[in-house]
Amino acid sequence: RMFHDDELEESEKFYVGQPRVLLLIYALYNTLVARSEMVCYFVIILNHMISASMITLVLPILIFLWAMLSVPRPSKRFWMTAIVYTEVAIVIKYFFQFGFFPWNKHVDYTKDKPYHPPNIIGIEKKEGYVHYDLVQLLALFFHRSILKCHGLWDEDEKGDSSSNKEDTDDELSLTGGRRDSSASLKSVNLAASVESIHVHFPEQQTAIRRKSSSSISQLSHRSSFSSHRSKRGKYIFKNINHTTLSLYFLQCKLCAVKSHCGLCCFRTLQVYVPIRQFFYNLIHPDYSAVTDVYVLMFLADTVDFIIIVFGFWAFGKHSAAADITSSLSEDQVPEAFLVMVLIQFGTMVVDRALYLKKTVMGKVIFQVILVFGIHFWMFFILPGVTERKFSQNTVAQLWYFVKCVYFGLSAYQIRCGYPTRVLGNFLTKSYNYVNLFLFQGFRLVPFLTELRAVMDWVWTDTTLSLSSWICVEDIYAHIFILKCWRESEKRYPQPRGQKKKKVVKYGMGGMIIVLLICIVWFPLLFMSLIKSVAGITNKPLDVSITITLGGYQPIFTMSAQQNQLKSLDVNEFNEFLRSYRGNTAALQFLEGYAREDITRADLEGNSNSLWTISPPSRQKMIQGLRDFAADFTVKKYEIFDFSLFSRTLEEVYPYYIKAPSDSLAKPIKQLLRDCKWENITVSLVKNGSEEGAREWWVLNQLGKREKTSQEGLELFIFSDKVSPPSLGFLAGYGIMGLYASVVLVIGKFVREFFSGISHSIMFEELPNVDRILKLCTDIFLVRETGELELEEDLYAKLIFLYRSPETMIKWTREKT
């Protein structure tokens, strides 16, 4: 060993010998200490998600536009700002908890109003108003203690003191001290009075680069600083940029003009200039540790997109119980859903354009617009649209949290800078089964591959046309898939002359057979199981009967609702089944219905409307009934005079009715005795009054199951089960519709796979694709470096290769 210490070795043995649970606690604590900065960010964002007020809004914005953009870490000024701001917020919230304020007298009435001023500001009276603020303050002090333990808390103070000692009141000098832990803004540090103004100019780029803080970099910077002090005037005019030069002349004017207006301008510059210089240094860094987190940003946006699709009701008004499938099936697109989807998709497109152009300035502007826009929308507009507070909207809180993850990744991308070269798809970095299946799944998403190819062509400098670009992308994708298969063949080689194992044959082949059989018989299985297994009972809400003779005025109308519609209990249902014992047709029909599918309707015998037929029609109907050659809907009837009290109509009443879900009700012949309908008695009742005679019909069914003395009709309704609303869009097509729309379309693709292999042998059976894959990556590389003429030459070489089978054979031979 290079270094040996008995105490350290004993200590290491002691910690290794501890229980696993204790070691896990140690590891979690060390992780917490190492990521205390992220813990503070998480607590601040969580506090804002729960409080959702203007008081807690300031710190999240500062996190995304100041702390996460600082190189290499946030400054002491930021942490002190966060600590002091949290303490002031706690005091303000405590002060406004007293009951003598007017808005605290009706807390129960105003606590759920999103636009109530105390709720917006965050000074409303509530239980536990300061719990999360105290946790936030505890996290900030914990991070402060960690920085102090590592000597990173007062780092920038030392740098500023060393430079202030050497600066004088009448000359400009270079700021001393190394670039500190807060990634100092290289700002113009104006003093409190107009007479003494110190302008800190940027360091010379050749003297020091943007690196992490260390004693070596500090000493090298100080040595470079001292070597240039002898040539101060020459150094200043050589390294002053346009911004600092204009500020130099501005300070001369401020020294000359000592008026109130000049002082106001001076105070404004004290705030504006450091912010401007901070973003200027961010866009033009001395050193950029380039990275690529676009994939993670894209995944965060995709998760937000999924949250919007499946939780769109949380972004609209009075739509808490809405269902996206039912809304789309009714050809209705909610406005809130449409706006959120378009905005989310638009931000993904803009982010892709900035990534391809590799413009940090555009990303900074986009970050600022998104941070302010999203916070203004989520905490000031959305509560008014949904009429509920943000803290009560769980889906919106989840969407905002994922968006905060995106903001953090965007800030990290800005701070490190975009990569200089964007080569291929992130899924094509390695050649294994995981990348193969993920890449093929990526290509199966409708319009995603096409949209990505067109966007890449629009925002990338190239000499290729759109068709040529798509050709290169398609060749690269095909070669990558072949490369993955060839690598898998090398990992799992198949010896020559050995038959395929039964595991492979029955595993892969059996799975394909089962899949093809399921596709062929899918409509029949789906339509038979959708109602029997997942079907929903469709009980009738209203049963109406109308009896007419020919085309004349109805003689009887009656309806049954609510209490008149009764379900059979267990004893009645069993008795009903026993009555058809021995009737095979009836029992076969009853197999498809359960007890809850049968409803008995009790209809009153008296018609609910008067018989208002005109005298000429009355006489004509009587004559028609007496004509034996007349054709009426009843099978047998008796000639009777309307003045008589009662007559019987035989086999005219269907006792059992089937109510399908997609057609009109129809009688059930299997349940009728000898396939004959029931008999009913009809009678015409007259009631004379001063206004004249009133007539109505009274009907009574013969042979009812429920032996009641009251006149009336009894009707049994057998209701078919209906498919669930989520699967109604498939069940509505029917068996033939599913065969035409699903089976035939899938069969077409399957047939192309089995019958089109012979036409692509020369492009599929390539033993070694390394040289072709390298040619494609070379095209990507020279495009990124700006060698557009070489790009054209390599593309022509690729096209010639695919036009020449002999050359393709030479290029794809196995290496010997």
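In this predicted model, asparagine 119 has a relative accessibility of 5% and therefore counts as buried, the cut-off for that class being under 20%. The residue belongs to helix H7, which spans residues 117-121. When residues up to four places away in sequence are set aside, asparagine 119 is in contact with Ala52, Ser53, Thr110, Lys111, Lys113, Glu124 and Lys389.

The largest nonpolar core comprises 68 residues, of which Phe64, Trp79, Phe315, Met378 and Trp399 touch the most other members. Helix H18 (residues 394-416) supplies the largest share of this core, namely 11 residues, and at least three residues are drawn from each of domain 1 (13-150) and domain 2 (283-418). For phenylalanine 64, the contacts beyond four places in sequence are with Ile45, Leu69, Gln367, Val371, His375, Cys404, Phe407, Gly408 and Ala411. Another core, of 42 residues, lies apart from the largest one and includes Leu590, Tyr655, Ile680 and Leu684. In soluble globular proteins, nonpolar side chains tend to be buried together.

As to confidence, the mean pLDDT of the protein is 77, with 76% of the residues reaching 70 or more. Over residues 159-240, however, pLDDT stays under 50, although the model has 139 contacts for this stretch beyond four places in sequence. The pLDDT is also below 50 over residues 633-645, a stretch with 28 contacts in the model beyond near neighbours in sequence. Where pLDDT is low, the predicted coordinates should not be read in detail.

Methods: Residues are numbered from 1 along each chain as its sequence is written. This is a predicted model: local features need pLDDT of at least 70, side-chain atom pairs count only at pLDDT 80 or more; totals for chains, interfaces and linings use all residues. Side-chain values use heavy atoms; hydrogens and water are left out. Helices (H or I, at least four residues) and strands (E, at least two) are DSSP runs, numbered from the N terminus. Buried means under 20% relative accessible area, exposed over 50%, partly exposed in between (1.4 Å probe, protein chains only). Contact means heavy atoms within 4.5 Å. pLDDT is the predictor's confidence in each residue, from 0 to 100. A nonpolar core is a set of buried Ala, Val, Leu, Ile, Met, Phe, Trp, Tyr and Cys residues joined through side-chain atoms within 4.5 Å. Domain bounds come from an automatic or database domain assignment.
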